[in-house]
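These are my notebook entries on one structure, set down in the order in which I looked things up.

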Amino acid sequence: MTNEELTTDGRTESDESTYDSASDANADPDGEPLVEQSISVEGSDERSTPTNPETVIESRGLDVFYGETQALQDVSMEIPEKQVTAMIGPSGCGKSTFLRCINRMNDLIDIARVEGELLFEGKNVYDPDVDPVALRRRIGMVFQHPNPFPKSIYDNVAYGLRLRGHTEDLDQVVEDSLKKAALWDEVKDQLQKSALDLSGGQQQRLCIARAIAVDPAVLLMDEPASALDPIATSKIEDLIEELAEEYTVVIVTHNMQQAARISDKTAVFLTGGELVEFDDTESIFENPANQRVEDYITGKFG
Amino acid sequence: MATPKETIEWAGETGTVSQLRGEVFKYGCLGAVSFALLSVLVLLLYVAADAFQPFTADPGWHLTFFVTLVVPVVGTSVWYYRRDEPAGEVAIATLGIPIIGLLLAAALAVVLSIELVSVAELFALTVATAVSVGVIVAHARFRPRAAFERLVVLVGAPVVALFGILPEEVTMVVNITLRQLDAPVRLTTRVVSLRELVLSVPYLPLPWLMLVLAVTLPVAAGLGVLVARRRASEDSRTVIGMVVGGALALASLGPFVGPALGIDPVVWILVVTFSVVPLGVYVEGIVRRQDGVPGLAFPVLLVGGILLGAVLVEQFGFAPPDTWLDWQFLTSVHSRTPEDAGFYPPIVGSVMMMIVIALAAFPVGVGAAIYLEEYAPDSGLGGKFVTLVEINIGNLAGVPSVVYGLLGLALFIRILTMPAGSVIVGGLAIGLLILPIVIISAQEALRAVPDSHREASYGMGATRWQTTRNVVLPQAMPGILTGTILAVGRAIGETAPLLMIGAASSVRLAPNGFFDQLPAMPRQIYAWSTNLQPEIRHGVLAAGVVTLVVVLLVMNGTAIIVRNKFQREA
């Protein structure tokens, strides 16, 4: 197995000195939203955000190294339950690396090394007694490029259940998952057709159905819409908002409008694998505390 | 007005950009390739002319077959190629399926007729296999979570059902090794296997019924499942039931209708199972889909042309060519008189050796490739070791075959005291020879599976083994099979290792078991090449070469078709 694809994120070393950290504390004085107001708050207003949600994932001083290169620096954050948490930042800032730390996909890379703690439901997932396979059965993942298996649509959705040895009620679970992923009406007559015959957007929704079929606690999404056209993207975004009623969703995106539209919390990573700001999406986009975050969001950089 | 033509300098009309070297290289390569291919073709034609002696026939014979066979076949081929490519594929398939089926049927008929396996044993084997598969499936259903127990059942059930703890051959080899090592222990523990239990039942069904149950039922069930998967719209049970029912009914006609037509019931059942039923299923699918129906005419034209030509030739009394490669050649043993010389024992021996080669090289080679690609570490000290191993596998692929023969002689004959020149030693030695090639081609096939599929599977909480088995292997299998078939095809032409392990030049008896003397096609051809009689050196030898080449071409053709088919589906 080659490592190239797995390590594209988090390897780039960038020069941080170009940004003036002295102006960090200078928040935008008049509180004007930096991104179009109508887009940024619409999503979060409609869904009444629970005031005091429980934390399901918490990282404490997380460092990740690929060989000699440090990909994440001392990241500490708390991800609330049943909300959408978005991670934004320029390429190579470590946001995908952080995502892959949560379900220990970085274990598949020989040279990756993780220090610090990452708690899932109060348990450090890097404890020696944690089986990454068992962990991944609780934390589903959707990838950047739709990657359905070259099997039938049905077999794709049933894959996770069959891994766990479930053989009963497969039909029902497959139907429910496809309905939740808003794909059922399009494929209900062709469940035995190859998943590769679907369009890109349908394939990505199939991957989401595959991930939620096993009823995970958390759904990780690594730029799930970046390979899709705008219509497919908007379908995926609607879907994510619906899914957040049942699942904790953590999403990495390059698209700031997307983060503003769909997320409740936003984490901004900047070059060097540093978590610069983590707050409610609204305050990040309207009134960021950090000057570098403001520069990034307004497009002055990145 | 635009600038006059003469002044355009960048267009290169003045020849400022020289393409001479490229042109020389291009035509040089073209010439070299054409020359090489042409000389091989001429050699093969020369050998084929020796084998068939076409010029001994009447011109009328050639003319008749040209009109009845060549013209319609070539005509339809051109038409398919130009106008209707799907029909061309159908034509190849409808011709290829029965031919491959007939080859399989012939192989099994030979196995049954030389009593390598009796019908009752085949039946017992099928029953034992079916029961062990049933036990595994039942265990998976009722205790889905007991993973370790499943592993025990997965290995234990077939071993107990088929062999009763361990096969005698394995026990024998292990005991021989133990004796060599002066160990005081010997393997003796055996229980009666289900297979033997079935054999000891006093009232077994009639032989033909056993054959139908042992061969036709599984083949038809497999085909039925295949068809049912293709046709998601219908109830799969009905489809499987129809295929199995039809096949069983057609096969069961054999013992009643066969004797009246002068056909052996065993031959009837085997031909129906391997040729007629698959062809029927395929043709039914073509007619239903209405895709490439004109292709069905091709085999009809071919067979009809041969029959019509034969009738006409008989009618006008044209003499056929005095060919060396005929039915008599394929079915008799070597003789000093060229007219009686035959190739039967080497064909059987080579096929049996091929089985040993495949059984020896495929599991080990694919297992090694899976380890190297999926499990072995990429970095650190382990990674360096793996790189070293991979480099050396590449080197082993280049070790001369005669050296592998020497290895076989030392390892299997001297150390393990297997009989010299036997089928098993030949197969194992050549299996070692192709092992590096199998490993390398399987590695290539595994590497071609996109990493995104592995990630998706791991992300779902699959273990490495589940990912390999459910995602990686199914996708890599066509590539692995293609590589293995090509390697085995290469292997059965190997002569040098056979010389080293002491294979006899001419064996007058087809081998009856894997420890018998090995007659192999290339070894026999080599022996004929030094024969004093020119008829044997030129005629009989040429017929043997053509047979060997045809076997290789059939295997390579199968490999190509398998690969193309799976590539299109993926």
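The model is predicted, with local features needing pLDDT of at least 70 and side-chain atom pairs counting only at pLDDT 80 or more, while totals for chains, interfaces and linings use all residues. Residues are numbered from 1 along each chain as its sequence is written, and chains are lettered from A and ligands numbered from 1 in the order in which they are written.

Entry on chain A. I found 11 helices and 10 strands, these being DSSP runs numbered from the N terminus (helices H or I, at least four residues; strands E, at least two). Chain A has 302 residues, of which 46% count as buried.

Entry on chain B. I noted 22 helices and zero strands. Of its 570 residues, 32% are buried. The C-alpha trace of chain B spans about 95 × 75 × 60 Å along its principal axes.

Entry on helix α7 of chain A. I asked how many of the 13 residues of α7(A) are buried. The count is 12, so α7(A) is largely enclosed by the rest of the structure. Among the buried residues are A:Q203, A:R205, A:C207 and A:R210. I also checked the length of α7(A), residues 200-212: its end C-alpha atoms are 19 Å apart, which agrees with the 18 Å that 13 residues should span at 1.5 Å a residue (the expected span is 1.5 Å times one less than the number of residues).

Conventions. A residue is buried if 20 or more other C-beta atoms lie within 10 Å of its own, exposed if 12 or fewer, and partly exposed in between; C-beta atoms are placed from the backbone.
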